[in-house]
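Good morning, and thank you for coming. I would like to speak about salt bridges and helix packing in the structure shown here.

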Amino acid sequence: MDVFQAVADPVRRSMVERLARGEVTAGELADLAAERFGIRQPTASKHLKVLRESGLVTSTVDAQRRVYRLDPGPLDELAGWASRQTSFWTGRLDALERHLETDHDGSTP
């Protein structure tokens, strides 16, 4: 799954936001999802699977717990894409503004 699809869901965004503060167990993430969104553990596990498949999180096993941590690489890619889109559209809108402020003969009002 691609990172855009992974962060499109508010439950997964909430999990990513929590993981940005540090590693956490699957149980703690499931509790967070239950508290904020009213979902059960099996549904939380499905959301964690999506985050793993997108590369946004990694997990390790510690005794009987699965510990998750954020991998910021895919978020850096997402931020780069958003920055390129912002630059492109800012330039286009600036050009449109200049065009609208200029008379057809090239003089300004």
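Let me begin with R65, which is partly exposed at a relative accessible area of 44%; buried would mean under 20%, exposed over 50%, and partly exposed in between, with a 1.4 Å probe and protein chains only. This is a predicted model, in which local features need pLDDT of at least 70 and side-chain atom pairs count only at pLDDT 80 or more, while totals for chains, interfaces and linings use all residues. Residues are numbered from 1 along each chain as its sequence is written, and side-chain values use heavy atoms, leaving out hydrogens and water.

R65 forms a salt bridge with D62, the closest N and O atoms being 2.9 Å apart; the term requires a side-chain nitrogen of Lys or Arg within 4 Å of a carboxyl oxygen of Asp or Glu. D62 is partly exposed as well, at 38% relative accessibility.

How many salt bridges does a search of the whole structure find? The search finds three. In another of these, E23 pairs with R69, with 2.5 Å between the closest N and O atoms. E23 lies in the loop between α2 and β1 and R69 in strand β3, so the pair ties together parts that are 46 residues apart in sequence. Here strands are DSSP runs of E, at least two residues long, and helices runs of H or I, at least four, numbered from the N terminus.

K49 and E53 also meet in a salt bridge, at 3.9 Å from N to O. These two residues are four apart in helix α4, and therefore separated by about one helical turn.
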